[in-house]
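Hello,

Here is the structure I promised to pass on to you.

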Amino acid sequence: MSRALKFIDCNDDPWQTATVDDAPVAMPAAEPFRLLTLAQWQAVRDSWPAALPVALVVGNDVDVETLAADLPRFAVVALQFPKWVDGRAYSQARLLRARFRFAGEIRATGEVLADMLPLLQRTGFDAVALRPDQSLAVARRALGFFAEGHYQGDLVEPRPLFARAAAA
Amino acid sequence: MYRYTDFDRRFVRQRAAQFRDQLERHLAGQLGDDEFRALRLQNGWYVQRHAPMLRVAVPYGELNSRQLRALARIAREFDGMAGGPYEGRGGGFGHFTTRQNCQFNWIALADAADVMDVLAAADMHGIQTSGNCIRNITSDCFAGVAADEIVDPRPYCEILRQWSTLHPEFAFLPRKFKIAVSGAREDRAAIAWHDIGLQLKKNSAGEVGFDVLVGGGMGRTPVIGTLIREFLPWQQVLVFIEAIVRVYNRYGRRDNLYKARLKILVKAEGQKFIDAVGAEFAAMLERDLDGSAHLLTDGELARISASFVLVPEGVVPETGPHVDRVVRSAAAGPAYGRWLERNVHAHRLPGYRAVSLSLKRAGQPPGDASAAQMEGAADLADRFSLGELRVSHDQNLVLPWVRVSDLEALWAAARDAGFATPNLGYLTDMIACPGGDLCGLANARSIPIAAALDERFDDLAELHDIGDIDLHISGCINSCGHHHTGHIGILGVDKDGQEWYQISLGGSDGSALSGAPVPGKVIGPSFAADEVPDVVEALIDVYRHERRGPGEHFIDAVRRVGLDPFKAAASAARHATAVHA
């Protein structure tokens, strides 16, 4: 499950919201590279072409189990950090990967700070849209402090230390 | 006690390096105050009223003498920051807390990373001693040596410590999260007052399991934990706790700081919460990829337990009919007898005792120890207790491996070092937070109240007559001084910028002496600081008048006669000027 973290440049991201004057349109047309809100998706899901991948923005109070049936249709699930110290999306990502086997991109959006990167990576995120003021160099460095891994298993290394030690 | 592996050692060094990187960015202006705040908190660094405060983790209260000397070194070399009270005085103080940790109040932030290196070199850290994450695990200060122990809780505490350390999903919970573990018949860890309380048990087949309490806590809304699971097999404990914390992370309130603790969610949802945890636990094991990876194995328990052997090297259980007979030389006198009675505790091994080093003595705040005192305690541990100590929930130190034949020599040495006040369990063995003298959250000061009570109750014969009593002082509703569980609880409150003290009666932490856990009841409007000693004395006088002989403790008398006579006496102790709405 381990994969390199992708850094998203918001100015150069193919996935675009369906909005008019910054307000989400109620029934977005089926087009490639659409990044939809949950309400938009619920409005169009029955008419959306099955072969057309879509990206979904999910609030951090959403029970991701309610998305389980639709997950194969999402190329990207963008989880949100309205404040960086609000940790709900870590649980959402972990559930999407470990329980619902979501194999698409899980993207961290909102107030995403460089120092969050180890947590994001370990809970199953594989893409981050850093807050614009964040340093890419600091973010990359933040991933490197615990080269030998951690005590508990996670989405990068599912075995806890004791299982790794027993296998070694 | 737990022996660090090479992995553990490298891990705390890596954590120190990560913190240094964060600190340097902060000091260089690249990491703002708000953002650095959450990062430094998870390493134990608060910014307090006057200066940064460092809280060092003492996992489940176990320390060795080398670690205590490292704490002493921090007090000596780093606690004297410019502008602080110990500047140029050759060292400051450590403060041992009700959660078995050790705090320093006068370290310059610029030195913070160097201090973490000193700690790491002694196999210590400040990881998750604050912040909205799983905090340091607490336990019975007599774990592993208690005469009434069913199962040694320390291996499980260490397993929980490792599992919770830098858990990536649970670093930013709605609020702090505290776990306590007890393995004895007597609950000395106040487990019902924690977000999760674990009571180790053995069933008739000799298998080990946990009774799991959930949603206890102090603060503004004191709540006793609810039993969520009886006899959870030990192998499942990490999975079950992960289920609890995940439900909390997803559904705990984040809109109101005072309603964000787990206890509020458990109270609001009741059975629905219990069902949600049950469903999450089942889903983890049945549906999740690698969902059983954290089921504990015999091999893992054995690996961790190897650090906590029944009879550590250097301990020789004695045999023969007289191994527990304490010899008193003629020179020792009655002071030694009082110390034996109060500060020496039963041990599971014949010929051994656990001994409390009292950190409650006149002229020093409860739980405080200077650099020299910490070094003195480390020397005593080396000489009498295999170099091992414990920090107790009531803010004393404990030597867990003392030979009965060494007691008199230890008593003499402890007395010389200032640790032999024979007051364990007495009124002056009070719990107190640092309060408004130091803490940025406090509404009122605790230390002067503790000092005034020390002065008022300075007669040992009188303390002995009053007997066992828990007196707890918190400088604010955050309850670090556990006022809710005091037989007499004192809470600092702020009204119009002035300090007042609310007094409550009848609280219990859940120990055998105190009875089933319950918060105390407030006995009337707040008192002025200089009234507090008079009120406490009045309460004690009511008890001495009402009690049915010396066998009836203060708490028993309060329960039997009710609050009214105590309220009346407390009101009569008000000075006219102090009556306020």
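**What I found**

In chain B, His95(B) stands opposite Gln103(B) in β5(B). A word on the ground rules: this is a predicted model, in which local features need pLDDT of at least 70 and side-chain atom pairs count only at pLDDT 80 or more, while totals for chains, interfaces and linings use all residues. Residues are numbered from 1 along each chain as its sequence is written, chains are lettered from A and ligands numbered from 1 in the order in which they are written, and side-chain values use heavy atoms, with hydrogens and water left out.

β4(B) and β5(B) run antiparallel and are joined by 2 bridges. (Strands are DSSP runs of E with at least two residues, helices are runs of H or I with at least four, both numbered from the N terminus; two strands pair if DSSP finds at least two bridges between them.) The hairpin of these strands has 5 residues between them, and there Gln100(B) takes a positive phi near 65 degrees. His95(B) also stands opposite Asp368(B) in β13(B), and 3 bridges join β4(B) to β13(B), again antiparallel.

These strands belong to an open sheet of 5 strands, in the order β1-β2-β5-β4-β13 (chain B), with antiparallel pairing. Its edge strands are β1 (45-47) and β13 (368-370) of chain B, each pairing on one side only. On average, neighbouring strands are turned by 30 degrees against each other, direction ignored. Helix α11 (residues 371-384) of chain B packs on this sheet, touching β4 (93-96), β5 (102-104) and β13 of chain B, and its direction makes about 90 degrees with that of β13(B).

**Another sheet**

Another open sheet of 5 strands has the order β3-β14-β15-β12-β11 (chain B), also with antiparallel pairing. β3 (62-64) and β11 (344-345) of chain B are its edges with a single partner strand each, so one side of each is left without a neighbour in the sheet. Helix α3 (residues 65-78) of chain B lies across β3 and β14 of chain B, at about 85 degrees to β3(B).

The structure holds 6 cavities of 30 Å³ or more. (On a 1 Å grid over the protein atoms alone, a cavity is a set of points where a 1.4 Å probe fits but cannot get out, and a pocket is an open set with protein on both sides within 12 Å along at least five of seven lines; lining residues have an atom within 4 Å of a point. Points are joined across faces, edges and corners, and a volume is the space filled by probe spheres set on them.)

The largest cavity has about 290 Å³ of space. Of its 22 lining residues, the closest to its centre are Leu119(A), Arg15(B), Gln42(B), Leu166(B) and Ala171(B).

The second largest pocket has a volume of about 790 Å³. It is lined by 34 residues, and Phe142(B), Arg188(B), His345(B), Asp394(B) and Gly425(B) are the closest to its centre.

Best wishes

Notes: Axes are lines fitted to C-alpha atoms, for helices over the stretch in contact, and angles run from 0 to 180 degrees between N-to-C directions. Contact means heavy atoms within 4.5 Å.
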